[in-house]
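Okay everyone, I've got one structure to walk you through today. Have a look at it first, and then we'll talk.

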Amino acid sequence: MTNNQLTENGHLRHFLTIEGLKRPLLTEIMDHAEQYSSLSHRQVKKVPLLRGKTIVNLFFENSTRTRTTFELAAKRLSADVINLNISTSATSKGESLLDTLHNLESMHCDMFVVRHNQSGAAEFIAQHVAPHISVINAGDGCHAHPTQAMLDMFTIRRHKQHFPDLRVAIIGDILHSRVARSQIHALSTLGVGEIRVIGPKTLLPSDCKTLGVHVYHDMEAGLKDVDVIITLRLQHERMEGALLPSAREYFQCYGLTDDKLSIANPDAIVMHPGPINRGVEIASSVADGPQSVILEQVTHGIAVRMAVMSIALGAQSEIEAQS
Ligand code: CP
């Protein structure tokens with residue numbers, strides 16, 4: 001995928017994938033998010049940074065966390081937000097995606113936040129929008145979920161500070177996970193000491209090693225000396241055929257229980273992008289336990305998305321100045 005997400009001067013215009021982005025930009029996003037994070041503790045949680053801007057949430061696939069935190073983030077930046085309800089939009093009358101986009105463009109929107117079940121959908125939209133519009137990928141098929149990865153990096157930095165010292169293990173359905181792919185790109189760009197993936201062969205991509213990760217099929221070996229554990233949902237909606245014997249057997253082998261968690265470093269944090277399936281990839285006692293930062297991840301989604309939106313719309317001033 002080409003890196004057409006940057007302007008000629010290297011500023012972020014679209015945010016489609018972490019792949020190809022440099023460490024200073026990822027750090028800039030986290031530093032901005034740190035500032036926005038303190039807003040949540042104020043009585044007035046708004047800043048006027050995006051006043052007059054219009055942001056359209058285009059979610060062609062279901063979402064709880066991502067859609068809501070994008071909306072909150074836009075509102076806290078004082079932008080106007082439209083949530084296009086795809087099921088009641090003219091898309092259901094046969095209007096093409098591009099025609100929908102061009103109609104929205106003619107309403108003078110500034111940003112599209114796109115979730116789609118097809119890999120490459122956000123990139124496709126970014127290629128076809130007018131020059132003054134930014135596109136943010138809110139998850140496309142199995143490909144990428146860059147803002148999720150950035151809120152995960154932000155959460156890790158809050159707890160662990162120094163990325164090169166860390167061993168991070170991602171457990172489960174890596175094959176179908178856009179989150180895992182984006183996390184792996186972000187972790188390696190930030191210079192994490194060791195990235196491990198743990199799962200059955202049927203749920204790991206064949207090109208795993210080219211991503212620079214260490215592959216484990218056994219939880220005991222994979223969790224040893226780990227500082228950060230990321231569990232993933234089994235993404236049945238993207239699986240073709242049966243890749244697992246049963247959810248019960250999966251939990252026995254790869255479910256994160258208190259016993260398995262005790263193999264990792266005692267101060268290891270437990271993460272999950274959500275939605276969680278209790279008793280499948282994670283036990284309730286771990287999900288709700290003292291090492292879990294799962295709900296913190298959700299909270300950080302607001303500040304990180306504020307950072308991404310403000311940086312991307314900042315790049316628009318550059319484009320406007322050139323035109
Ligand atoms: N993590 C995540 O993308 O959750 P939603 O599907 O609820 O947005």
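So, where is Pro275 found? Pro275 sits in the loop between β9 (269-271) and α10 (284-287), with helices (H or I, at least four residues) and strands (E, at least two) taken as DSSP runs numbered from the N terminus. The peptide bond from Gly274 to Pro275 is cis, with omega near -5°.

Quick housekeeping. This is a predicted model, where local features need pLDDT of at least 70, side-chain atom pairs count only at pLDDT 80 or more, and totals for chains, interfaces and linings use all residues. Residues are numbered from 1 along each chain as its sequence is written, and side-chain values use heavy atoms, with hydrogens and water left out.

Now the largest pocket, which holds about 380 Å³ of space. Pocket here means an open set of points on a 1 Å grid over the protein atoms alone, where a 1.4 Å probe fits, with protein on both sides within 12 Å along at least five of seven lines; lining residues have an atom within 4 Å of a point. Of its 21 lining residues, the closest to the centre are Arg115, Arg178, Arg233, Gly274 and Pro275.

On to the ligand. The residues around it, with a heavy atom within 4 Å, include Thr64, Arg115, His145 and Gly274. For polar contacts, meaning N or O pairs within 3.5 Å, a polar side-chain atom of Ser63 lies 2.6 Å from a ligand oxygen, and one of Arg65 lies 2.9 Å from a ligand oxygen. Gln148 has a side-chain N or O atom 3.1 Å from a ligand nitrogen.

Terms used: Grid points are joined across faces, edges and corners, and a volume is the space filled by probe spheres set on the points. A polar contact is a pair of N or O atoms within 3.5 Å; within protein, one must be able to donate a hydrogen and the other to accept it, and residues adjacent in sequence count only if both atoms are side-chain atoms.
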